[in-house]
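Dear colleague,

Please find below the structure that I am handing over to you, followed by an account of what was found in it. I would be grateful if you could read the two side by side.

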Amino acid sequence: MELPKVASLGEYIRQQRQQAKISLRQLAAQAGVSNPYLSQVERGLRKPSAEILNQIAKGLHISAQALYVQAGLIEDREPHSDVLAAVRADVTLTGRQRQVLIDIYESFCKENRADTAQPPQSAEHLGDGPVHPLNGITPDSREG
């Protein structure tokens, strides 16, 4: 992985930590790493593993995926979104508030994608079985 990507990861972690108003020591304790190690990560001198990134993300109350993208471990596959960019750039929100808004927005997007991918369900798929044309009895309403 490229060194500039790691340096930007450290800058991103520092920015998120400062916006969350937590000290380096507090984040190190929450992430289960030493203060010097986290300081080196923030300065771009160390490249943390995916597991450490996950722990740092939990400590910052942000998405681990955001850190993975910053670290170059995964590609940012979601389409560019002005909404996500605005939420991430808003310094008036805490890290936790940004993450909650992002999670809600992404859940709506995922739900809408799922709705457009599935054909409309008929009454038969909704549990209302077909009605027999002669006696009006559904297969589920028969006693057996």
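A surface patch, as the term is used here, is made of residues with over 30% relative accessible area and no salt bridge, nonpolar side chains being joined within 5 Å. Please note that the model is a predicted one.

In this model, Val100, Ile104 and Phe108 make a nonpolar surface patch of about 250 Å². Phe108 belongs to helix 7, which spans residues 95-117. With a relative accessible area of 48%, Phe108 is partly exposed, and therefore passes the cut-off of over 30% that a patch residue has to meet.

The salt bridges come next. The whole structure contains 2 of them. In one, Glu42 pairs with Arg14, and the closest N and O atoms are 3.3 Å apart. Because Glu42 lies in helix 3 and Arg14 in helix 1, this pair ties together parts that are 28 residues apart in sequence. Arg14 is partly exposed, at a relative accessible area of 28%, whereas Glu42 is buried, at 3%.

Arg17 also forms a salt bridge with Glu42, with the closest N and O atoms 2.6 Å apart. This pair links distant parts of the chain, since Arg17 is in helix 1 and Glu42 in helix 3, 25 residues apart. Both Arg17 and Glu42 are buried. Through shared partners, the salt bridges join Arg14, Arg17 and Glu42 into one network.

Arg17 itself is located in helix 1 (residues 3-19) and has a relative accessible area of 10%. Leaving aside residues up to four places away in sequence, Arg17 touches Ile22, Ser23, Leu24, Leu27, Glu42 and Leu60.

Just after helix 2, Gly32 adopts a positive phi of about 75°.

Helix 3 (residues 35-42) has Tyr37, Leu38, Ser39, Val41 and Glu42 as its buried residues. At the start of helix 3, a side-chain oxygen of Ser34 comes to within 3.1 Å of the backbone nitrogen of Tyr37. Gly44, which follows helix 3, has a positive phi near 80°.

Yours sincerely

Conventions:
Residues numbered from 1 in each chain as written. Predicted model: local features only at pLDDT ≥ 70, side-chain atom pairs only at ≥ 80, totals over all residues. Heavy atoms only, no water. Patch = residues over 30% accessible without salt bridge, like charges linked within 9 Å, V, L, I, M, F, W, Y side chains within 5 Å. Areas by Shrake-Rupley, 256 points an atom, 1.4 Å probe, with all protein chains shown as cover. Salt bridge = Lys/Arg side-chain N within 4 Å of Asp/Glu carboxyl O. Helix = DSSP H or I, 4+ residues; strand = E, 2+ residues; numbered from the N terminus. Buried < 20%, exposed > 50% of the residue type's maximum accessible area, 1.4 Å probe, protein only. Contact = heavy atoms within 4.5 Å. Polar contact = N/O pair within 3.5 Å; in protein donor to acceptor, adjacent residues only side chain to side chain.
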